[in-house]
Each structure stands twice: as structure tokens, then as C-alpha cells.
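Dear colleague,

I am passing on the structure below, and after it I describe what was found there. Please read the notes with the model open beside you.

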Amino acid sequence: MSVSESPERPPERPPERPVVLGIESSCDDTACAVLDGRGAILASVVSSQIDAHRPYGGVVPEIASREHLKNWPPVSSEALRRAGIEMGEVDVVAATSGPGLVGSLLVGLTLGRAIAYGLERPFQAVHHIEGHLYSPFLATDGGPADAIPERFIGLVVSGGHTSLLRLDGAEVTTLAETRDDAIGEAFDKIGKRVGLAYPQGPRVDVLAEEGDPKRYPLPVPHCGGTLDFSYSGLKTQTLVTLEGICRERGFETPFADTDEEPVPPEVVDLLAGFRAAAVRQIVRRLERLVERETVELLAVSGGVAANRLLRRELERWAAQAGVALRLVPLAFAGDNAAMIAHAALLRHRQGRSDDPLTVEAASRAPF
Ligand code: KG4
Ligand code: ZN
């Protein structure tokens with residue numbers, strides 16, 4: 001169980017209202033967070049299921065649901081303890097309703113609905129992407145969240161999504177999505193074939209730091225001049241190149257990725273080439289976007305927003321393009337419940353709420 005760096009609130013100071021309880025269980029992280037009325041994080045607890053899924057090299061939906069049920073009592077108790085409140089002091093209850101694994105979503109959503117109904121509090125069913133979209137505006141020092149600007153472009157890069165969104169006032173428009181695989185999915189699948197332990201994306205990133213991206217250059221798909229993304233072709237080309245390297249050098253996958261059996265330097269170079277092409281595709285789409293419209297601010301979120309090269313390249317691009325950049329704090333890049341409570345607080349302020357008796361989980365949900 002990991003706890004965000006937010007300091008424990010001094011018990012003598014009552015929290016600003018409304019106190020929001022957030023629940024996130026859309027994939028393999030069981031998370032609970034408490035935010036105050038300023039969007040300051042009083043507690044954010046995430047319990048990862050990495051150990052449970054590692055033997056299978058990826059998330060097993062049935063195991064994920066059972067783990068959520070098992071993890072919820074300690075995760076929620078720890079969040080309330082750190083926030084210094086009792087469940088009865090919560091003013092608004094929020095849970096992710098989709099998209100995600102339906103069995104996983106049902107656990108957190110049903111808990112949230114039951115708590116809201118039992119306490120007779122307003123309930124917010126939050127779209128997972130909405131949580132990510134506003135997460136770059138959260139503060140890591142326990143301070144209030146920054147105000148959401150009237151206009152910005154959101155880039156959400158994760159295991160399930162590669163989305164470019166435009167926020168204009170209260171309206172969110174999807175400008176582009178991936179046509180096939182999400183960027184994080186491509187990192188994970190390539191890493192899995194190499195033999196890396198789940199979750200593979202962060203490990204590919206670490207290995208790629210040591211590699212030469214120019215040794216096996218990979219092309220960036222054009223996607224017909226649109227803003228769309230595509231990662232399936234790049235994934236296939238990387239895997240075909242991997243097979244070629246293995247044939248030529250007599251390697252056999254999977255590599256153990258240990259000190260005794262490290263990933264060979266040729267393969268490390270290929271991973272660096274893949275990462276460079278994956279990141280270049282993002283930058284190319286942003287270049288297209290600024291040719292079409294004025295972009296003042298880009299806010300980047302999602303698990304892949306932790307990628308080292310992506311962060312460096314976006315900083316370089318934004319400085320040169322004259323675009324202000326908000327990269328999600330690393331603590332809130334991956335799935336967490338602070339972002340769900342935060343999106344719920346924004347909805348609550350707009351006077352919105354959902355009926356806890358009727359709201360449903362959706363594995364695929366348009367934003
Ligand atoms: O946002 P997230 O926790 O869950 C989804 O909503 O999908 O993102 C998880 C994804 C996984 O695919 C994981 O491998 C990837 O983010 N990821 C990374 C890095 N850290 C996490 N991919 C590349 N480089 C990283 N440093
Ligand atoms: Zn996510």
C-alpha cells in the first residue's frame with residue numbers, strides 16, 4: 001500500500017467543506033482519497049496489485065476484482081485515518097464508473113453507491129479520463145488544487161487511452177484517440193515479449209534510458225494527416241525487429257532481466273528506438289495541432305506521463321512552441337483516487353450529481 005506524500009492534517013483544524021471521498025478501482029489499483037473543499041488532498045492511498053498479477057505477466061480481471069474486495073477495508077481505513085476524519089464526516093462520495101474492467105469497476109462503484117446512499121450524501125459517478133484530465137492541477141504538498149483554466153488541451157496517455165482533448169469552458173471535446181492500441185499497452189506488450197516483469201512500461205522506460213535509439217530507428221505512422229494516434233503498427237514492427245535480432249544473434253526470449261541474464265544491449269537499443277518513436281508520434285501530433293489552432297496550455301496526464309523521455313521531449317517542444325505545459329505530478333500519473341475526488345469536486349461545484357441507486361458501471365464509456 002502506498003500513501004501519497006500529502007502531510008497528515010493537524011487534527012485541531014477542521015477540514016474545509018465539502019469533504020470528498022474518492023474511490024478508484026477501474027483496473028488493478030485499489031485507491032481511496034479524501035479531498036477538502038479547496039481540492040487539497042487530505043489523504044491519497046493506492047494499493048497496487050502488482051504481486052497478484054505478476055505471475056501472469058498482466059492483469060487477470062477475475063483476480064483484480066477479488067483483490068479490490070480484499071484491499072478496500074485497509075485502504076479506506078488508512079485514507080480516513082490519515083485525513084483525520086470519520087466516514088460520517090464525508091460530504092460527497094465519488095467513484096469511477098468507467099471505462100475499465102467491469103468486474104473491477106463494480107467493486108468500487110458499488111461501495112461508493114452504498115456509502116452515499118447509507119450516509120444520504122450526494123454521489124458522483126466519475127469518468128476515469130475526466131479524473132486524469134484534471135489531475136495535473138492537483139498539488140502534492142497538501143495545498144489547494146489550482147483553479148482549472150478556462151481553456152486548455154489535455155493529453156491523456158495511459159494503458160487504456162491515448163487521447164487528445166480540448167477543454168473550453170465547461171465543454172470537453174475529444175480531438176483524437178488511438179485508432180488501435182493505447183501507448184501504454186504497446187509499452188507493456190513489447191516489454192512482456194522481451195520477458196520484463198509486469199508492469200512492463202516503467203521497466204522499458206528505465207532500460208531505454210541506457211539504449212541507443214538510433215540503432216534500430218522505427219517510423220512514426222502518418223494517420224492520414226489527422227491528429228489520431230496509432231500504436232499497433234509500431235508494436236508489430238518492434239516485435240518483428242526483435243525476432244530478427246534474436247535470429248541473427250541466437251538469442252532466445254524471454255530474457256530474465258536479472259544481473260545474471262540481463263537484456264542484451266541490442267534489445268536495449270531496440271527498446272530505446274521504440275520509445276523514441278512512441279514519443280515522437282505524440283510530439284508530431286502536437287505539432288499538427290498548433291498548426292491548426294492556438295494552444296496556450298497543454299496538460300499531460302495518465303500512467304505514461306511518467307515516461308522520462310516523454311516528459312523531456314514535451315518540455316523541449318512546449319518551450320520551443322511557446323505553449324505553457326503542466327505535467328501531472330509523478331505521484332498522480334498512475335491511477336489514483338485523488339484525481340477521482342478532484343473531478344467529483346468540480347462536478348459538485350457545478351451543481352451536478354448522480355443517483356446512487358441507478359448509476360451503472362460501463363467498461364466502455366464515451367467521454
Ligand atoms: O493511468 P494508468 O495507471 O492506468 C490506465 O488508466 O491505463 O496507466 C498505466 C500504464 C501502463 O500501461 C504502464 O505500463 C504505463 O502506464 N506506464 C509507463 C510508465 N509508467 C507507467 N509507460 C512508459 N513509461 C513509464 N515510465
Ligand atoms: Zn488511468
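In what follows, Ala, Val, Leu, Ile, Met, Phe, Trp, Tyr, Cys and Pro count as nonpolar, Asp, Glu, Lys and Arg as charged, and the others, Gly among them, as polar. On that basis, the residues of the shell around ligand 1 divide into 5 nonpolar, 11 polar and 3 charged.

This is a predicted model, in which local features need pLDDT of at least 70 and side-chain atom pairs count only at pLDDT 80 or more, whereas totals for chains, interfaces and linings use all residues. Residues are numbered from 1 along each chain as its sequence is written, chains are lettered from A and ligands numbered from 1 in the order in which they are written, and side-chain values use heavy atoms, with hydrogens and water left out.

Ligand 1 is surrounded by 19 residues, each having a heavy atom within 4 Å of the ligand; the closest are Gly159, Asp188, Asp205, Asn307 and Asp335. Among the polar contacts (pairs of N or O atoms within 3.5 Å), a polar side-chain atom of His132 lies 3.3 Å from an oxygen atom of ligand 1, while a polar backbone atom of Asp335 is 3.0 Å from an oxygen atom of the ligand. Taken alone, ligand 1 exposes 550 Å², of which the protein buries 86%, with areas computed by the Shrake-Rupley method with a 1.4 Å probe.

The shell draws at least three residues from each of domain 1 (2-140 + 332-349) and domain 2 (151-328), the bounds coming from an automatic or database domain assignment.

With regards

Definitions and conventions:
A polar contact is a pair of N or O atoms within 3.5 Å; within protein, one must be able to donate a hydrogen and the other to accept it, and residues adjacent in sequence count only if both atoms are side-chain atoms.
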